[in-house]
Amino acid sequence: MSGRCQSCGMPLSKDPEGGGSEADGSLSTTYCSICYAEGAFRHPDASLSEFQAYCVDALAAKGMPRILAWAFTRGMGKLDRWREA
C-alpha cells in the first residue's frame, strides 16, 4: 500500500472505507474511496486544477481553513494519477 491516495493525497488510513474499490469489488490500495470506485475515477474528466479546486472546496466544507486546504492540494501534481495524464 502506498499510504496515500495517488489521486488526492489523502492518507488511506483516514479513508472510512479503507480505500476505493476495483471493478471486481476488491479494495484499491492506490486510490481512496472519495476518488475511485468500481475501478474508475469518480471525476474522470477533471483536470488537475479542477480537481484541486474541488478538493479545496470539499476540505473547506468540512471545516478546514481554505488556505490550509489550498496548501494540502499543492503536491497533487506529483501523484501517480496526474503524472500519467
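In which helix is Asp80 found? Asp80 belongs to helix H3. The points below concern a predicted model.

1. **Asp80 and Arg83.** The side chains of Asp80 and Arg83 form a salt bridge, with an N to O distance of 2.3 Å. Both residues lie in helix H3, three residues apart, which is about one turn of the helix. Asp80 counts as partly exposed because its relative accessibility is 25%, whereas Arg83, at 55%, counts as exposed.

2. **Asp80 and Cys5.** Along the chain, Asp80 and Cys5 are separated by 75 residues. In space, their C-alpha atoms are 9.0 Å apart. Cys5 is in turn one of the residues with the most contacts inside the largest nonpolar core.

3. How many salt bridges does the structure hold? There are two.

4. **Arg74 in its loop.** Arg74 is located in the loop that runs between helix H2 (66–73) and helix H3 (80–84). Its relative accessibility is 38%, so Arg74 counts as partly exposed. Two polar interactions of the Arg74 side chain may be noted. One reaches the backbone oxygen of Trp70 at 3.1 Å, and the other is a polar contact of 3.0 Å with the side chain of Thr73.

5. Gln52 is part of helix H1, which covers residues 48–61. Is Gln52 buried or exposed? Gln52 is buried, because its relative accessible area is 10% and the buried class comprises values under 20%. Setting aside residues up to four places away in sequence, Gln52 touches Thr73, Arg74 and Met76. The C-alpha atoms of Gln52 and Arg74 are 7.9 Å apart, although 22 residues separate the two in sequence.

6. **The nonpolar core.** In soluble globular proteins, nonpolar side chains tend to be buried together. Here the largest nonpolar core has 13 residues. Those with the most contacts inside this core are Cys5, Cys8, Cys32, Cys35, Phe51 and Met76. Met76 is also among the residues that Gln52 touches.

7. **Surroundings of Phe51.** Which residues does Phe51 contact, leaving aside its neighbours within four places in sequence? They are Ser7, Cys8, Cys35, His43, Ala46, Met76, Arg81 and Trp82. Among them, Cys8, Cys35 and Met76 are also named with Phe51 as residues with the most contacts inside the largest nonpolar core.

8. **Backbone at Glu38.** Glu38 is found in the loop between strand E1 (36–37) and strand E2 (40–41). The phi angle of Glu38 is near 55°, a positive value in a residue other than glycine. Glu38 counts as exposed because its relative accessibility is 66%.

Note on methods. Residues numbered from 1 in each chain as written. Predicted model: local features only at pLDDT ≥ 70, side-chain atom pairs only at ≥ 80, totals over all residues. Heavy atoms only, no water. Helix = DSSP H or I, 4+ residues; strand = E, 2+ residues; numbered from the N terminus. Buried < 20%, exposed > 50% of the residue type's maximum accessible area, 1.4 Å probe, protein only. Polar contact = N/O pair within 3.5 Å; in protein donor to acceptor, adjacent residues only side chain to side chain. Core = buried A, V, L, I, M, F, W, Y, C linked by side-chain atoms within 4.5 Å. Contact = heavy atoms within 4.5 Å. Salt bridge = Lys/Arg side-chain N within 4 Å of Asp/Glu carboxyl O.
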